[in-house]
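Please bring up the sequence and the model.

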Amino acid sequence: MDPPGASVSALPAVSRPSLLAELVEAGARGAAAGGGSRQVVAATVSAILRTMGADHQRDQRVQWDREALGSENFVESEVEARLQAIERTIRAQVQASLSTGLSHHQPQGLLPHEDVLRATVAKHSFNLGVPFGIVDSAALRTAQRGRRRPSAVGATSAGLADDPAVCLNT
């Protein structure tokens with residue numbers, strides 16, 4: 001999300017869609033011209049897109065972090081929300097261990113899947129872009145598994161086309 005009052009010309013050049021398309025095309029052409037297989041061409045395109053996407057996500061997080069750091073109680077509320085998520089799983093593990101006499105090392109099967117997912121994300125994901133207490137289930141799954149990548153241009157059910165020009169959609 002662009003900061004208020006920002007114009008396209010004020011953004012870094014790599015965030016403009018036309019330049020991104022040129023960068024992807026140049027990378028794919030270079031990989032194909034260098035004798036790279038279709039897998040190498042696809043990996044090159046994927047790496048460029050991942051890198052550019054990470055830059056965009058980082059820029060959004062920086063904006064959110066600046067707003068969050070302005071709040072006096074932000075850190076305390078974030079820690080409290082995460083501890084509540086983790087507490088549920090630990091409580092279930094302790095209760096199950098005491099009732100069965102067996103040590104329950106994992107909370108799976110003791111609680112609904114979403115509670116276990118929330119605790120896992122609470123312990124391992126700290127760049128959600130929103131306060132942990134309001135994050136929804138879809139964002140939790142995305143944080144745990146990572147974002148889905150779109151299929152390559154020209155992809156078929158059997159894989160990418162043999163012709164690099166098809167990969168470039170030219």
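**Overall make-up of the chain**

What we have on the screen is a predicted model, and of the 170 residues in the chain, 21% count as buried. The accessible surface of the chain amounts to about 11600 Å², and carbon and sulfur atoms account for 56% of that area. As for the secondary structure, the chain holds six helices and two strands, and if you read from the N terminus, the order of the elements is α-α-α-α-α-β-β-α. If we take the contacts between residues at least 6 apart in sequence, then 47% of them join residues at least 24 apart.

Let me now turn to the helix packing. In general, two packed helices are described by the angle between their axes and by the distance between the axes.

I will begin with helix α3, residues 74–100, and helix α4, residues 113–124, whose axes come within 8 Å and cross at roughly 130 degrees. Why do we call α3 and α4 oblique to each other? An angle has to be over 145 degrees to count as roughly antiparallel, and 65 to 115 degrees would be roughly perpendicular, so a crossing at roughly 130 degrees falls between those two ranges and the pair is oblique. As to the hand, α3 passes α4 in a left-handed crossing. On the α3 side the contact is made by Arg82, Ala85, Ile86, Arg88 and Thr89, and on the α4 side by Asp115, Val116, Arg118, Ala119, Val121, Ala122 and Lys123. Sorted by class, this contact of α3 with α4 comprises six nonpolar residues, one polar residue and five charged residues.

The second pair is α4 with helix α5, residues 137–145, where the axes are 10 Å apart and the packing angle is about 55 degrees. Since roughly parallel would require an angle under 35 degrees and roughly perpendicular begins at 65, α4 and α5 are therefore oblique to each other. The crossing of α4 and α5 is left-handed. Here the contributors from α4 are Glu114, Leu117, Arg118, Thr120 and Val121, while α5 supplies Ser137, Leu140, Arg141, Ala143 and Gln144. By class, the contact of α4 with α5 has four nonpolar, three polar and three charged residues.

Is Arg118 buried or exposed? Its relative accessible area is 15%, and because buried means under 20%, Arg118 counts as buried. Leaving aside residues up to four places away in sequence, Arg118 touches Ala85, Arg88, Phe132, Val135 and Leu140.

Next, the loop between α3 and α4, in which we find both Gln108 and Gly109. Gln108 has a relative accessible area of 49% and is partly exposed, whereas Gly109, at 77% relative accessibility, counts as exposed; the cut-off for exposed is over 50%, so the value of 49% leaves Gln108 in the partly exposed class.

Ser77 lies in helix α3 and is partly exposed, with a relative accessible area of 43%. Which C-alpha separation goes with Ser77 and Phe132? The two are 55 residues apart along the chain, and their C-alpha atoms are separated by 8.9 Å. Val40, for its part, lies in helix α2, residues 38–69, and at 40% relative accessibility counts as partly exposed. The C-alpha atoms of Val40 and Ala28, which are 12 residues apart along the chain, are separated by 8.6 Å.

Notes
Residues numbered from 1 in each chain as written. Predicted model: local features only at pLDDT ≥ 70, side-chain atom pairs only at ≥ 80, totals over all residues. Heavy atoms only, no water. Helix = DSSP H or I, 4+ residues; strand = E, 2+ residues; numbered from the N terminus. Buried < 20%, exposed > 50% of the residue type's maximum accessible area, 1.4 Å probe, protein only. Contact = heavy atoms within 4.5 Å. Areas by Shrake-Rupley, 256 points an atom, 1.4 Å probe, with all protein chains shown as cover. Axes fitted to C-alpha atoms, helices over the stretch in contact; angles between N-to-C directions. Left-handed = near helix turned anticlockwise from the far one by under 90°. Nonpolar A, V, L, I, M, F, W, Y, C, P; charged D, E, K, R; others polar.
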